[in-house]
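Please look over the sequence and the three-dimensional structure below before reading the report.

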Amino acid sequence: MTMFQGMQTEQGRQHAERMRAAHSSLQQQWDGLHQQVTSIDVHWRGPDAEAFTQ
């Protein structure tokens with residue numbers, strides 16, 4: 001009887017590529033969101049804006 005233990009290497013490579021693509025997409029979304037939030041003081045001023053940034 002032969003038993004296989006471990007993963008299929010090609011499936012592992014494909015999964016790793018999907019993870020890299022997902023990371024890239026999330027990083028782009030994070031960068032855009034971070035830019036919008038950090039530039040909020042240009043458009044939003046006052047006590048509410050100050051409380052939000054603290």
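## Model and confidence

This is a predicted model, in which local features need pLDDT of at least 70, side-chain atom pairs count only at pLDDT 80 or more, and totals for chains, interfaces and linings use all residues. Residues are numbered from 1 along each chain as its sequence is written, and side-chain values use heavy atoms, with hydrogens and water left out.

The protein has an average pLDDT (the predictor's confidence in each residue, from 0 to 100) of 87, and 94% of its residues score at least 70.

## Overall form

The protein has 3 helices and 0 strands, where helices (H or I, at least four residues) and strands (E, at least two) are DSSP runs numbered from the N terminus. Its C-alpha trace spans about 75 × 15 × 10 Å along the principal axes.

## Nonpolar patch

Trp 30, Leu 33, Val 37, Trp 44 and Phe 52 make a nonpolar surface patch of about 520 Å², and H1 gives the largest share of this patch, 3 residues.

Leu 33 lies in helix H1 and counts as partly exposed because its relative accessibility is 45%, between the limits for buried (under 20%) and exposed (over 50%), with a 1.4 Å probe and protein chains only. Val 37, also placed in helix H1, is partly exposed with a relative accessible area of 40%; between Val 37 and Ala 51 there are 14 Å in space, C-alpha to C-alpha, and the two are 14 residues apart in sequence.

Key. Patch = residues over 30% accessible without salt bridge, like charges linked within 9 Å, V, L, I, M, F, W, Y side chains within 5 Å. Areas by Shrake-Rupley, 256 points an atom, 1.4 Å probe, with all protein chains shown as cover. Salt bridge = Lys/Arg side-chain N within 4 Å of Asp/Glu carboxyl O.
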